[in-house]
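Student: I would like to go through a model feature by feature. Please show it to me.

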Amino acid sequence: MEETKKKDAPKTSWFTGLKAEFQKIVWLDKKSLGKQTVAVLIVSVILGAIIAVLDLGIQYGVDFLVNL
């Protein structure tokens, strides 16, 4: 069976499309970006701590059951 190949569009049209898409992006102002960055960092640290505590608890639980 022969495989049909699509002709690729010229690279210039790809870059033109990419440029048009980048112009549609609405960038956040510095204040909003800072607030959202801090929020993400705080949530990440809190979730990391929760996961660490759960992991430690499960580890002690498994060790307890193994040593019975």
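Predicted model: local features only at pLDDT ≥ 70, side-chain atom pairs only at ≥ 80, totals over all residues.

Tutor: Residues are numbered from 1 along each chain as its sequence is written, and side-chain values use heavy atoms, with hydrogens and water left out.

Student: How many helices and strands are there in the protein?

Tutor: Helices (H or I, at least four residues) and strands (E, at least two) are DSSP runs, numbered from the N terminus. The protein has 2 helices and 0 strands. Helix α2 covers residues 30-66 and contains Val43.

Student: Which share of the residues is buried?

Tutor: Buried means under 20% relative accessible area, exposed over 50%, and partly exposed in between (1.4 Å probe, protein chains only). Of the 68 residues, 0% are buried. Val43 is partly exposed, at 47% relative accessibility.

Student: What aromatic pairs does a search of the whole structure find?

Tutor: Rings of Phe, Tyr and Trp (its six-membered ring) pair if their centres lie within 6.5 Å; planes under 30 degrees apart are stacked, over 60 edge-to-face, and the rest tilted. The search gives 1 aromatic pair. The ring centres of Trp14 and Phe15 are 4.9 Å apart with planes at 80 degrees, so this pair is edge-to-face. Trp14 is exposed, at 51%.

Student: Which side chains meet in a salt bridge?

Tutor: A salt bridge needs a side-chain nitrogen of Lys or Arg within 4 Å of a carboxyl oxygen of Asp or Glu. The count is 1: Lys24 with Glu21, at 3.2 Å from N to O. Lys24 is exposed at 59%, whereas Glu21 is partly exposed at 45%.
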